[in-house]
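Colleague: Could you take me through one part of this model slowly? I would like a close look at a single residue and then its wider setting.

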Amino acid sequence: MKHLKLYLVVFVASFSLLTCERDDLCPETTPTTPSLIIDFYNNNAQDSRKNATNLYVIGQDNEDVLDGYNVATVNQVVLPLRTDTDTTTFSLTRNTVLDDDGNITSGNTDTVTITYATEDVYVSRACGYKTIFKNVVVTIDGGTDANWIIFAQPENDNLTIEDETTTHYFFYH
């Protein structure tokens, strides 16, 4: 009887160890919901990248989307898109001057509205779902000032944003 209990304990312990699965952790290298990548180009020499000087970006729909880039001179910007709606809007201000409280005192602001259809795609048990964006369209409104962004060109027609490995839109200014 003693041996039977010992065999039973060994059997149960062996079975438990053999049925264990590795931890379900989502690797950091796994692509998740992508952001919109925009490169800035020179409108007068369209093959030439051009910095947007003292650029300041603010998410308009939801401050949690993007608080605002610090004032920076860049030739590319990465904008996160909302997954709870089909539109995200940002204010992009070029030649920005801020006061001591962080308020814009001068600059040229264009409002960029991105419309799209969302689709949730299963990644894995550990990572869950990611959202991809289909039929992405960007519109630009300069308000009362003249647009500093002359035009926006998508990477291709019927643009779908599935990853962050390539530029999705080109802004010419």
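**A close look at T30**

Modeller: Happy to! Leaving aside its neighbours within four places in sequence, T30 is in contact (heavy atoms within 4.5 Å) with V123 and C127. This is a predicted model, where local features need pLDDT of at least 70, side-chain atom pairs count only at pLDDT 80 or more, and totals for chains, interfaces and linings use all residues. Residues are numbered from 1 along each chain as its sequence is written, and side-chain values use heavy atoms, with hydrogens and water left out.

T30 sits in the loop between α1 (2-18) and β1 (36-41); helices (H or I, at least four residues) and strands (E, at least two) are DSSP runs, numbered from the N terminus. T30 counts as buried because its relative accessibility is 18%, and buried means under 20% relative accessible area, exposed over 50%, partly exposed in between (1.4 Å probe, protein chains only).

Now for the wider setting. Beyond four places in sequence, the contacts of I114 include L36, F90 and V137.

For contrast, D141 lies in strand β7 and is partly exposed, at 47% relative accessible area.
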